[in-house]
Amino acid sequence: MPRQEPAVRGKNFNEVALGYTPEMAAEEAGRCIQCPKRPCVAGCPVNVDIPEFIKAVRDGKMTDAVIALKNKNALPGVCGRVCPQETQCEVKCTLFKQKAPVAIGRLERYVADWERENKTAMPPAAPLPPPTGKKVAVIGSGPAGLTAAADLAKKGHSVTIFEALHVGGGVLMYGIPEFRLPKEIVQNEVNFVKSLGVELVLDAVIGKTDTIDELLNNGYDVVFLGTGAGLPMFLNILGENANGIYSANEWLTRTNLMKSYLFPNYDTPLKVGKKVAVIGGGNVAMDGARCALRLGAEEVYIVYRRSETELPARREEVENAMEEGIIFKFLTNPTRFLDDGKGWVKGMECIQMELGEPDASGRRRPVPKKGSEFVMNVDTVVVALGTTPNPLIASTTEGLKTTSHGTVVADESNCKTLKDKVWAGGDIVTGAATVISAMGAGKRAAADIDKFLMEK
Ligand SMILES: Cc1cc2nc3c(=O)[nH]c(=O)nc-3n(C[C@H](O)[C@H](O)[C@H](O)COP(=O)(O)OP(=O)(O)OC[C@H]3O[C@@H](n4cnc5c(N)ncnc54)[C@H](O)[C@@H]3O)c2cc1C
């Protein structure tokens, strides 16, 4: 897929990947052999009818492609951009072993973008079923909440999403940067969910403005919790409170949601130094580092305690970061931060690591190399070590059980929690995971909630 050149894109927040032309899309769709077993569909957590939408693209029937795609997926423009297709649908593609798999994600993006640009060409949406009179409260408007809300609205239930922030979309709005996922695309898909009759109430922090029990006592039949995992983890080492050390949440929220990259047109500032170190190796770390570069840092480091092979980030994003000039320090772990005597970070003492035996995650455990400490001179640090769920809802909801990691206990098959009338899915249950796994949970929860409401 065409992309902005690295030297150009490192200086702007415009989307890096530019999308297929109609000719490229038709050619790629033509590679699909339409195998009867449809292994790609089984690889998709929301079971999109992949062969159908690809066949429609191949045949130039774009409205059919949109209908086939959106039948199962309310957020195709998002998924076509950020889903790890290479480990899901594409890895199951029959062509995977022979040559390259069909680029399902890129075709998905193409179809979603076509619909956005050709709204008037679409036939009117199928009418919704008559109202059931049942009321559902969905807490959180990330991919889990939006998916559950869309599926429940399509069944005729009255759905209200309560969102703590001033805008809907969850991590898609506040975490993933504009150059990977333009916010206009997210809002277009949030608006699609609203067009199904879903009400979106913003600035509503459940657990503060209302508790779950208050919602259940005040007219809602059931509640779905999709509040994600927004609480950052830290290294807990000496000096971590120095100025200039950010959690990735703050760094990315200031940049993306509050648009500090457009300061002073937007009034959120962000102090960015010349040498920035981002600690971690996941998608969040890549996003933090690539934001730092675009915000004007001269040198940007990814500091990761394992080797390149273990990097959890999508390969595509690692390659993008490397092409843009991000410097990777593998097998390196910070041991303490040094300040300049005025409270600002000026350096980071690190130790070199080597890989030992595999740990519980199946990856080889990083072990410090004795006496290998060294100092990196950096004036900004972004800690991207992962997140856990915010404890607010669990601490204000009697009967909701949580694990020692703070995640809510729910049945994986139907997302039912141990509390009556409450379901939960997405990062709040799994811990930080992926957009599509959150959407899959939203779908399973919606199916079970619908069954519960209709049997009631
Ligand atoms: C920087 C970054 C990059 C990522 N990149 C990728 C990627 O490339 N591909 C991928 O598949 N995944 C990626 N992920 C992970 C993915 O975004 C998450 O797994 C997914 O968004 C989880 O969805 P969710 O609906 O469970 O929660 P979220 O998206 O976190 O949404 C939860 C929503 O609930 C709201 N909320 C929280 N508490 C309350 C409350 N008390 N009351 C009301 N509302 C509340 C929050 O404000 C938020 O809007 C990334 C994550 C981050 C942070």
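A crossing of two helices is left-handed if the near helix is turned anticlockwise from the far one by less than a right angle, and right-handed if clockwise. The exercises below use a predicted model.

**Exercise 1. Describe how H14 packs on H15: which angle, which distance, which hand?**

Solution. 
- Step 1. Two packed helices are described by the angle between their axes and the distance between the axes.
- Step 2. Helix H14 covers residues 248–257, and helix H15 covers residues 283–294. Their angle is about 50°, and their axes lie 10 Å apart.
- Step 3. That angle makes H14 oblique to H15.
- Step 4. The crossing of H14 past H15 is left-handed.
- Step 5. H14 supplies Ala 248, Trp 251, Leu 252, Thr 255 and Asn 256 to the contact. H15 supplies Val 284, Asp 287, Gly 288, Cys 291 and Ala 292.
- Step 6. Sorted by type, the residues of this contact are 6 nonpolar, 3 polar and 1 charged.

**Exercise 2. Classify the packing of H9 and H12: at what angle do they pack?**

Solution. 
- Step 1. H9 and helix H12 (residues 183–195) pack at about 75°, with axes 12 Å apart.
- Step 2. Angles of 65 to 115 degrees count as roughly perpendicular. H9 and H12 are therefore roughly perpendicular to each other.
- Step 3. On the H9 side, the contact uses Ala 112, Asp 113 and Arg 116. On the H12 side stand Glu 184, Ile 185, Asn 188 and Glu 189.
- Step 4. This contact of H9 with H12 holds 2 nonpolar, 1 polar and 4 charged residues.

**Exercise 3. Find the buried residues of H4: which are they, and what covers them?**

Solution. 
- Step 1. Helix H4 spans residues 50–58. Its buried residues are Ile 50, Pro 51, Phe 53, Ile 54, Ala 56 and Val 57.
- Step 2. The cover over these residues includes helices H2 (22–30), H3 (39–42), H5 (62–70), H7 (89–92) and H9 (104–117).
- Step 3. Look just past the end of H4. There Gly 60 has a positive phi of about 75°.

Technical notes. Residues numbered from 1 in each chain as written. Predicted model: local features only at pLDDT ≥ 70, side-chain atom pairs only at ≥ 80, totals over all residues. Heavy atoms only, no water. Axes fitted to C-alpha atoms, helices over the stretch in contact; angles between N-to-C directions. Helix = DSSP H or I, 4+ residues; strand = E, 2+ residues; numbered from the N terminus. Parallel < 35°, antiparallel > 145°, perpendicular 65-115°, else oblique. Contact = heavy atoms within 4.5 Å. Nonpolar A, V, L, I, M, F, W, Y, C, P; charged D, E, K, R; others polar. Buried < 20%, exposed > 50% of the residue type's maximum accessible area, 1.4 Å probe, protein only.
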